[in-house]
Amino acid sequence: MAPPTAMPNQEPSQFTDSRVTSRDYFWAMCRDKVTLAAFVFLALLVAFTVGAEFLAPHQPTGLNLRDRMLPPGSTGSSGAYHFLGTDELGRDLFSRLIYGARISISVGLLGAFVSCVVGVVTGLTAGYFGGLYEDVIMRLVDGMLSLPSLLVALFVLFVLGGGYTNLILVFCVLHWMVFCRLSRGLALDARSSTYVQAAKAFGAPSGRIIFRHILPNVMAPIIVLLTLEIAILILSEASLSFLGFGVQPPDPSWGLMIADGREHIRSAWWLATFPGLAIFLTALSLNLVANWVRAVTDPVQRWRWFS
């Protein structure tokens, strides 16, 4: 749905950010049905992830070989109902999908957040101070960005071994550069602005200028990039787990569930279909929300949403 247009007597130049409240953002999202659906899906996914112990009908690692490969909507030998069926070891697929969401989403969130903190701090300081420090940081960023991140991740995980903690460490090392490059460019543009020059004239220390004046004014594009990086890391975790270098059995992971289900794709299509659909919908929803955040924070376009 297209964003609402301005009133006939409302010009873009007359729009002021001071009028926008959190309620305005909420109603702007409600008017965009596609973004609202994506946000609701993500909210439900987070709710299922947080309350997995209470919402999952079965234990994700509970084995029952008498109920192997039950199709969706089946009732097991013990009378238990399996909404999405069972896998090759008789484990409930819906319960594993919920617990797998906890692992996949937490890896994406933690990896993206730590990468964001490291990259933003490094990029803002490099762009603000400049000089040799900026040259060293940016040459390091250029060198690391030239490496194929997935192949580097495979090599590092092959040496260190897979697992939840190693996944997050690898993602932090390989993804902080994108935040650094963006933040450095924003800092270069902001350090010559009027409010930064005024803060310098009043004798404000550099740390206060960077984190109290520059950072709040450049947060919008950083939040958009953070949202996109969460989706990228969820896909990366699924890829690495699928290849056997990510989360290890018996812990459930969406990528690991797809890897287990590929051998039975003809006889038990649901084993790989439902975790693949979960990955697709999560990545799509994150991208839709990121696109909406970019639109409502763009100084050129945002007046259309709040006029």
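Reader: Which strand is the place of Ser-74?
Author: Keep in mind that this is a predicted model, where local features need pLDDT of at least 70, side-chain atom pairs count only at pLDDT 80 or more, and totals for chains, interfaces and linings use all residues. Residues are numbered from 1 along each chain as its sequence is written, and side-chain values use heavy atoms, leaving out hydrogens and water. Helices (H or I, at least four residues) and strands (E, at least two) are DSSP runs, numbered from the N terminus. On that basis, Ser-74 belongs to β1.

Reader: And is Ser-74 buried or exposed?
Author: Buried is under 20% relative accessible area, exposed is over 50%, and partly exposed is in between, using a 1.4 Å probe and protein chains only. Ser-74 comes out at 14%, so it's buried.

Reader: Which residue's backbone oxygen lies 2.7 Å from a polar atom of the Ser-74 side chain?
Author: A polar contact is a pair of N or O atoms within 3.5 Å; within protein, one must be able to donate a hydrogen and the other to accept it, and residues adjacent in sequence count only if both atoms are side-chain atoms. Here the gap is 2.7 Å, and the backbone oxygen is that of Pro-71.

Reader: Leaving aside neighbours within four places in sequence, what is Ser-74 in contact with?
Author: Contact means heavy atoms within 4.5 Å. With the neighbours left aside, the partners of Ser-74 are Ala-80, Tyr-81 and His-82.

Reader: How far apart are the C-alpha atoms of Pro-72 and Leu-84?
Author: Pro-72 is in the loop between α3 (52-55) and β1 (74-75), and at 30% relative accessible area it's partly exposed. Not counting residues up to four places away, its contacts include His-82, Leu-84 and Trp-269. Pro-72 and Leu-84 are 12 residues apart along the chain, yet their C-alpha atoms are separated by 4.1 Å.

Reader: What is the phi of Met-69?
Author: Met-69 is also found in the loop between α3 and β1. It isn't a glycine, but its phi is positive, at about 55°.

Reader: Which residues is Thr-125 in contact with, leaving aside neighbours within four places in sequence?
Author: Thr-125 lies in helix α4 (residues 93-129), and it counts as buried because its relative accessible area is 13%. A polar atom of the Thr-125 side chain lies 2.9 Å from the backbone oxygen of Thr-122. Beyond its sequence neighbours, Thr-125 is in contact with Gly-130, Tyr-133 and Ile-210.

Reader: At roughly what angle do the axes of α4 and α5 cross?
Author: Axes are lines fitted to C-alpha atoms, for helices over the stretch in contact, and angles run from 0 to 180 degrees between N-to-C directions. The axes of α4 and helix α5 (residues 131-145) come within 7 Å, and the crossing angle is roughly 140°.

Reader: Which residues of α5 make the contact with α4?
Author: On the α4 side, the contact uses Thr-122, Thr-125, Ala-126 and Phe-129. On the α5 side, it uses Gly-131, Tyr-133, Glu-134 and Ile-137.

Reader: How are α10 and α12 oriented to each other?
Author: Their axes come within 9 Å and cross at roughly 170°. That angle therefore puts α10 and α12 in the class roughly antiparallel.

Reader: How many residues in the contact of α10 with α12 are nonpolar?
Author: Ala, Val, Leu, Ile, Met, Phe, Trp, Tyr, Cys and Pro count as nonpolar, Asp, Glu, Lys and Arg as charged, and the others, Gly among them, as polar. In this contact 4 residues are polar and 1 is charged, while the nonpolar number is 14.

Reader: How many of the 8 residues of α11 are buried?
Author: Helix α11 (residues 254-261) is largely enclosed by the rest of the structure. Among the buried residues are Trp-254, Leu-256 and Met-257, and their cover includes α2 (33-50), α4, α10 (219-242) and α12 (270-297). The number buried in α11 is 7.

Reader: What share of the 307 residues in the chain do buried residues make up?
Author: The chain has 13 helices and 2 strands. Across its 307 residues, the buried share is 46%.

Technical notes:
Angles under 35 degrees count as roughly parallel, over 145 as roughly antiparallel, 65 to 115 as roughly perpendicular and the rest as oblique.
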